[in-house]
Amino acid sequence: MNNTFNSKRFGLLFKKTLLEKPMQMFGFTGLIFLFILIVYYIVKTFVNFQVAQNISFLWGLVGGDFILASFMFNYFSSTANGSSYLTLPVSNFEKWLCAVLIAGILYPLIFMVFFRIMDAGFIAAYHNSLDPNGPFYKIRYDAVYLLSFNDRMPRIIYPMFLVSSGMMLIGSLYFNKVALVKTALAVCVLFFAIYGLNYLFARLLFSHIDDAFPFQHVAILVGKEVGSVELPKSVHDPVWYFLNYGLPVILWGVAFIRLREKEF
């Protein structure tokens, strides 16, 4: 029998992971979907459909998967559960692959199906509420449409989802207790530290800074106007490819390495 991967052995592990903690896997997923439904309804009611689509897609995919990923390796909150998990007759690769399949593939697919149904339902209700004889019927009808998963905003969100879930997998292996909270705090501290350093560095180079987002742009006030200084293409492209493709691969790879080395 292959010590690295065996399909039957992996299938049993996958089934065990899904069914041994149904409230965590399915209950929290249901709560996440309910929360996103409420967020979508509130934002589209008080702001507009486009903002509601973007916010609910961001929170549902990135935030929802961040929470779900915290359950993948949360066996180490107690010595008994951790020891039992470490001694399972499966390879570390299969354990890691199980987490990748659930957090990296299964949840995103299920969420996107849910989002499409939710989005289509709200938009259909809006279109049906319009008066077809009204003077602005065509304009109002065409102004609200389904969010394409290939639009600019979703394409920005996909790498964020991979990075955040990779960080959570690593955090759940480094923090035995309340890994979700500790990892979330660590991510926030890291983000604000990078943002703060980037802003201070930008202040050394430019005056009248309006905004400075790491690896993206520096917004400068020129009188009453705002100008933007961006990275040159020769620098921007390698940075962009690293953040979108290289960093997720590194984080998920580190999670595998940490799982192999995991001890109490």
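Glu-230 belongs to strand E3, which covers residues 225–230. The model in which this residue is seen is a predicted one. The protein as a whole has nine helices and three strands, and 36% of its 264 residues count as buried.

- Ala-219 is eleven residues from Glu-230 along the chain, and the C-alpha atoms of the two residues are 8.7 Å apart.

**Overall layout**

- Read from the N terminus, the order of elements is α-α-α-α-α-α-α-α-β-β-β-α.
- The C-alpha trace spans about 70 × 55 × 30 Å along its principal axes.
- Among contacts in the protein with a separation of 6 or more, 65% are between residues 24 or more positions apart.

- Helix H2 consists of 25 residues, 22–46, and at 1.5 Å a residue it should span 36 Å; the C-alpha atoms at its ends are 35 Å apart, so the two values agree.
- The buried residues of H2 are Met-25, Thr-29, Ile-32, Phe-33, Ile-36, Val-39, Tyr-40 and Val-43.
- These buried residues pack against three helices, namely H1 (7–19), H3 (49–69) and H5 (92–129).
- Two packed helices are described by the angle between their axes and the distance between the axes.
- For H1 and H2, the axes come within 6 Å and cross at roughly 65°.
- H1 is therefore roughly perpendicular to H2, as angles of 65 to 115 degrees fall in that class.
- On the H1 side this contact is made by Thr-17, Leu-18 and Leu-19, and on the H2 side by Pro-22, Met-25 and Phe-26.

**Helix H3**

- The N-terminal end of H3 is capped by Asn-48, with a side-chain oxygen 3.1 Å from the backbone nitrogen of Gln-50.

**Nonpolar cores**

- The largest nonpolar core contains 55 residues, and those with the most contacts inside it are Phe-57, Met-72, Phe-73, Phe-111 and Leu-169.
- At least two residues of this core come from each of H1, H2, H3, H5, helix H7 (152–174) and helix H9 (233–261).
- H5 provides the largest share of this core, with 14 residues.
- Another core, made of five residues, lies apart from the largest one and includes Ile-209, Ala-212, Val-218 and Ile-220.
- Leaving aside residues up to four places away in sequence, Phe-57 touches Val-62, Phe-111, Met-112, Phe-115, Leu-147, Phe-149, Pro-154, Ile-157 and Tyr-158.

- The side chain of Thr-17 reaches the backbone oxygen of Leu-13 at 2.8 Å.
- Beyond residues up to four places away in sequence, Thr-17 is in contact with Met-25, Tyr-75, Cys-98 and Ile-102.
- Ser-165 is part of helix H7, and with 0% relative accessibility it counts as buried.
- A polar atom of the Ser-165 side chain lies 3.1 Å from the backbone oxygen of Leu-162.
- Asp-65, Ala-69 and Trp-252 are touched by Ser-165, not counting residues up to four places away in sequence.

**Leu-180 in helix H8**

- Leu-180 is situated in helix H8, which covers residues 179–205.
- At 31% relative accessibility, Leu-180 counts as partly exposed, because this class lies between under 20% for buried and over 50% for exposed.
- Leu-68 is 112 residues from Leu-180 in sequence, while their C-alpha atoms are 9.5 Å apart in space.
- When residues up to four places away in sequence are not counted, Leu-180 touches Phe-66, Ile-67, Ser-70 and Met-168.

Methods. Residues are numbered from 1 along each chain as its sequence is written. This is a predicted model: local features need pLDDT of at least 70, side-chain atom pairs count only at pLDDT 80 or more; totals for chains, interfaces and linings use all residues. Side-chain values use heavy atoms; hydrogens and water are left out. Helices (H or I, at least four residues) and strands (E, at least two) are DSSP runs, numbered from the N terminus. The expected span of a helix is 1.5 Å times one less than its number of residues. Buried means under 20% relative accessible area, exposed over 50%, partly exposed in between (1.4 Å probe, protein chains only). Contact means heavy atoms within 4.5 Å. A polar contact is a pair of N or O atoms within 3.5 Å; within protein, one must be able to donate a hydrogen and the other to accept it, and residues adjacent in sequence count only if both atoms are side-chain atoms. A nonpolar core is a set of buried Ala, Val, Leu, Ile, Met, Phe, Trp, Tyr and Cys residues joined through side-chain atoms within 4.5 Å. Axes are lines fitted to C-alpha atoms, for helices over the stretch in contact, and angles run from 0 to 180 degrees between N-to-C directions. Angles under 35 degrees count as roughly parallel, over 145 as roughly antiparallel, 65 to 115 as roughly perpendicular and the rest as oblique.
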